[in-house]
Amino acid sequence: MPETTQFDCVSCGACCAPAENWLTYVEVTSRDYSRLPLRYRLRVLNGELPLRERDGARRCIALRGQLGEKVACDIYRLRPDACRRFEAGSPHCHAARREILGVPLPVRAAPEMV
Ligand code: SF4
Ligand code: SF4
């Protein structure tokens, strides 16, 4: 998940749950590895964070909560650079939303519109 944006990432999480049947997902560079908590370092596999199955979907081991409802990254401040580069509102974001949740991207109303 990206930094705070106008997009409601905390009710999404689609980009942290790839549709493919992979074992691992996010690249963990040596710089990423050095800041990861020990319990996550021990789970790194072939230089990536692994996925796990939950509620019938594969998802990053750091993702907490319910996809499409309320989610959080357990290592948000320490997450890999690859996660930081992912842009909310980008074509990849829209594709993840469509593929994983099958719903359009929720956009928070701008303050002046509320
Ligand atoms: S898919 Fe897009 S809206 Fe959903 S969590 Fe990722 S960046 Fe946010
Ligand atoms: S480390 Fe956090 S932001 Fe990155 S894929 Fe996993 S849950 Fe998502």
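User: How confident is the predictor in the protein chain, on average?
Analyst: This is a predicted model, and the protein chain has an average pLDDT of 87. A score of at least 70 is reached by 85% of the residues.

User: And which helix has the highest confidence, and which part has the lowest?
Analyst: Helix α1 (residues 30-35) is highest, at 98. Confidence is lowest in helix α4 (residues 91-101), with a mean of 91.

User: What about residues 109-114?
Analyst: There pLDDT stays under 50, and the model has 1 contact beyond four places in sequence for that stretch. Where pLDDT is low, the predicted coordinates should not be read in detail.

User: Okay, new topic. How many helices and strands are there, and in what order?
Analyst: The protein chain has 4 helices and 5 strands. Along the sequence they run β-α-α-β-β-β-β-α-α.

User: How much of the chain is buried?
Analyst: Buried residues are 28% of the 114 in the protein chain.

User: Now ligand 2. Which residues come nearest?
Analyst: Cys16, Cys60, Leu63, Cys73 and Cys83, out of 12 residues around ligand 2. By class, that shell holds 11 nonpolar residues, 1 charged and no polar ones.

User: How far is Asp8 from Lys70?
Analyst: They are 62 residues apart in sequence, and 9.8 Å apart in space, C-alpha to C-alpha.

How values were computed. Residues are numbered from 1 along each chain as its sequence is written. Chains are lettered from A and ligands numbered from 1 in the order in which they are written. This is a predicted model: local features need pLDDT of at least 70, side-chain atom pairs count only at pLDDT 80 or more; totals for chains, interfaces and linings use all residues. A residue is near a molecule or strand if its C-beta atom, placed from the backbone, lies within 6 Å of it. Ala, Val, Leu, Ile, Met, Phe, Trp, Tyr, Cys and Pro count as nonpolar, Asp, Glu, Lys and Arg as charged, and the others, Gly among them, as polar. Helices (H or I, at least four residues) and strands (E, at least two) are DSSP runs, numbered from the N terminus. A residue is buried if 20 or more other C-beta atoms lie within 10 Å of its own, exposed if 12 or fewer, and partly exposed in between; C-beta atoms are placed from the backbone. pLDDT is the predictor's confidence in each residue, from 0 to 100. Two residues are in contact if their C-beta atoms, placed from the backbone, lie within 7 Å.
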